[in-house]
Protein chains: 2
Amino acid sequence: GTFKFTGSIQGVPEGTVVFPREPLLQVEAPIIEAQIIESALLNIINYSTLVATKAARICTAARKASVVDFGLRRAQGDGAYLGTRASMIGGVSGTSFVDAARQLRVPAVGTHAHSWVQLFPSEIDAFRAYARIFPSNCLLLVDTYNVLESGVPNAIVIAKELKAAGKDILGVRIDSGDLASLAVETYRAFKNAGFSSIKIVLSNDLDEALIESITRQVESPLGKVSRAEIKLRQETMDHITFGVGTRLITGGEQAALGGVYKLVAVDGEPRIKVSENVTKIIDPGIKDVYRFKDTRSSMLFTDVITLRGEQAPVSGEKIHVLPEPGKNIVIEPGLTGEPLLQPLIEDGVRVAGDDAVSIDTGRARCKEQLDRLDPASRRFLNPQPYLVGLSARLYRLRQDLISRHGG
Amino acid sequence: GTFKFTGSIQGVPEGTVVFPREPLLQVEAPIIEAQIIESALLNIINYSTLVATKAARICTAARKASVVDFGLRRAQGDGAYLGTRASMIGGVSGTSFVDAARQLRVPAVGTHAHSWVQLFPSEIDAFRAYARIFPSNCLLLVDTYNVLESGVPNAIVIAKELKAAGKDILGVRIDSGDLASLAVETYRAFKNAGFSSIKIVLSNDLDEALIESITRQVESPLGKVSRAEIKLRQETMDHITFGVGTRLITGGEQAALGGVYKLVAVDGEPRIKVSENVTKIIDPGIKDVYRFKDTRSSMLFTDVITLRGEQAPVSGEKIHVLPEPGKNIVIEPGLTGEPLLQPLIEDGVRVAGDDAVSIDTGRARCKEQLDRLDPASRRFLNPQPYLVGLSARLYRLRQDLISRHGG
């Protein structure tokens, strides 16, 4: 059968940084239409948000280094298409999933397998054959036998042969061993041989914690080191790319985001679903979300959820922060609030512009917003919660409905 | 462009229970063809095997109760199609993912949302409206307000109204609270009202550990209880269905299976890839796998990997069990060995029959093999490893190649 959606949807544009209790999408439609799209929306939004978040965490840990997606072989089936898209929005710069790269028009990156090296009588023969096929895109996997004693010296031979033919080697990939020290020694060897623009791709079951540890080991070695050594190590960081697979495309130990889709109003009347678990109570009514930034620094200050139709919060207004009962903050002077929810579909017709769903725009939006979020809220251990509050009117409505429904 | 695979593939049929170090698929093809299909094979096999395994664990924990897949909303995008198929093979008996149910021809199961109840002036009105639409398939969600004080009494009223109209209520779903005791009290109430064939669907972020705990609480309550109470509780178990979502369709904390695709021979010559990590060394050569069962009990005894062309292992033969060096077992008299790998594709043409990929056959195969696996190897805590050995010839080849390549 054919299904025609006749309702309206508001939502945050692609790449928007969001926080707990904020509506990402708000659907107004006849109940049957709203329920038919429920599972599809939850499936798409939950997984995309999970992977974009994981990608942003991984890219934060990688700092100056770029990150590429190597997850296809461990992805959850065709979910890899959606996951690759989401990881680009979260800050990843390319993927080894060639078909997704083509469909999404994002960079495809990759190298040969260990089996390519095993096929040939020697590693240098394998490298030479690969360089003949990909002279302009030659990334060599150097850990089949021994990274520093075999792989890197052989790759330098190939780099010289390519140079004689007027080409530049792209770089090397290291997929095992002590990645931080191997990266530094690999960069040192290539630099000494005159190839200081080489890329070094590191991989092997990485995630944000391992990447943070590797960047720290590269940049800040233990013990006393010379200034020249520190400089070399900083240069090394500029040449590292992290290839992240399983734990990016699946979310790792956190394989799902628990987003929900709840009824908040019927015929304009706010509704609430009470629960014994207070964090499961959804704020009632059709809402707007305002994000307040410092006018001068543009740093994010707080988000405020209001009832639609309310005036946007103004300086001096008191905002209720949950879950702490009674805690509240005041909108300071010098803050400006912008609405986060935008009309995406109105009466069944798409009204959002392309930039609401563009990968490039979404990626830039995500990066810009993360850059403006207090580093204390961005750290992995013990982050400071970013404040999300309710307007006084929404807060009162919520409390009224809870007490009326026996909460 | 068009790609034509001209090689051959052997593999274990759908639903086969497999163990570490066993080849699930063995591809013989020109290297370029073998590499082109690498990522697709790994993506499909890894995720399917992960979810089928998780489903089998969950169904083992559920014992007599059936399990249905409720995972779509938390699945990793379109991976849900493959995951739903795999969960059926692992023992799940239906899914709430309606489109996958249609495509795979498996049972679709489900109920209304909490929002359905919120839409109506009262719970009984909502139930009555639902029963009018689905008189023959009426499963009511009873935890919107209070399971035992509101949901169950109202559902019993509906059951009586349906009965007066010549229909049977299907059952109720409980999605929050103390599931084990709510299930027992719900069954007791329905039985007392004359509805002893009701289904009770339990859900709420379940996995095998929670299900094992719930079945234990239902069947073996703490303290002194009457024989009649034990009987009622056993009957309750017969009426329970577990609805499992997120942790089934994603694998939960284990979101990926680390299967690999490695080169083991070139032009018939065995190859090995050594690694500092001994568990990463892949056995060399083109292989066969034999499964030995006790002739009388049909219980699984051991699996043996051989080189292709070797005679199948016979009684009295010594088999090497890895990773323990020097540990070996002897094929006892009264055991029969059957080959696990079957030809699936030969010279580019599919030769496998439909039963190699059928969901029903695969599901039956999986169940039968699990039933024949020693319970000590099936338990969740401290399972006894099932023995997988190498033939003497394969073991010698492996050791020769490792020492030749500096392992």
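1. Let me begin with a strand pair in chain B: β11 (residues 287-294) and β12 (residues 300-307) run antiparallel and are joined over seven bridges. Two strands count as paired here if DSSP finds at least two bridges between them, and strands are DSSP runs (E, at least two residues), as helices are (H or I, at least four), numbered from the N terminus. Within this pairing, K293(B) has L300(B) in β12(B) as its bridge partner.

2. A word on conventions: this is a predicted model, where local features need pLDDT of at least 70 and side-chain atom pairs count only at pLDDT 80 or more, while totals for chains, interfaces and linings use all residues. Residues are numbered from 1 along each chain as its sequence is written, chains are lettered from A and ligands numbered from 1 in the order in which they are written, and side-chain values use heavy atoms, leaving out hydrogens and water.

3. Back to the sheet. In chain B, six strands make an open, mixed sheet in the order β14-β13-β18-β12-β11-β15. The edges are held by β14 (328-330) and β15 (335-339) of chain B, each with a single partner strand, so one side of each has no neighbour in the sheet. On average, neighbouring strands are turned by 35° against each other, direction ignored; the axes behind such angles are lines fitted to C-alpha atoms (for helices over the stretch in contact), with angles from 0 to 180 degrees between N-to-C directions.

4. How many salt bridges does the whole structure hold? D238(A) is partly exposed at 48% relative accessibility, whereas K64(A) is exposed at 52%; buried means under 20% relative accessible area, exposed over 50%, and partly exposed in between (1.4 Å probe, protein chains only).

5. Please also look at E38(B) and R73(A), a salt bridge with its closest N and O atoms 2.9 Å apart. The pair crosses between chains, from helix α2 (residues 38-62) of chain B to the loop between β3 and α3 (79-89) of chain A. E38(B) is buried at 8%, while R73(A) is partly exposed at 29%.

6. Within chain B, D207(B) and R247(B) meet at 2.9 Å, N to O. D207(B) is buried at 11%. R247(B), at 26%, is partly exposed.

7. On cysteines, there are zero disulfides over all chains, with a disulfide taken as two cysteine sulfur atoms within 2.5 Å. For C59(B), the nearest cysteine sulfur belongs to C366(B), 8.6 Å away. C59(B) counts as buried because its relative accessibility is 17%.

8. Finally, the surface: F3(A), I31(A), I32(A) and I36(A) make a nonpolar patch of about 360 Å². I32(A) belongs to helix α1 (residues 31-36) of chain A and, at 56% relative accessibility, counts as exposed. Patches are made of residues with over 30% relative accessible area and no salt bridge, like charges being joined within 9 Å and nonpolar side chains (Val, Leu, Ile, Met, Phe, Trp, Tyr) within 5 Å. Areas come from the Shrake-Rupley method with a 1.4 Å probe; for residues, only the protein chains shown count as cover.

Notes
Salt bridge = Lys/Arg side-chain N within 4 Å of Asp/Glu carboxyl O.
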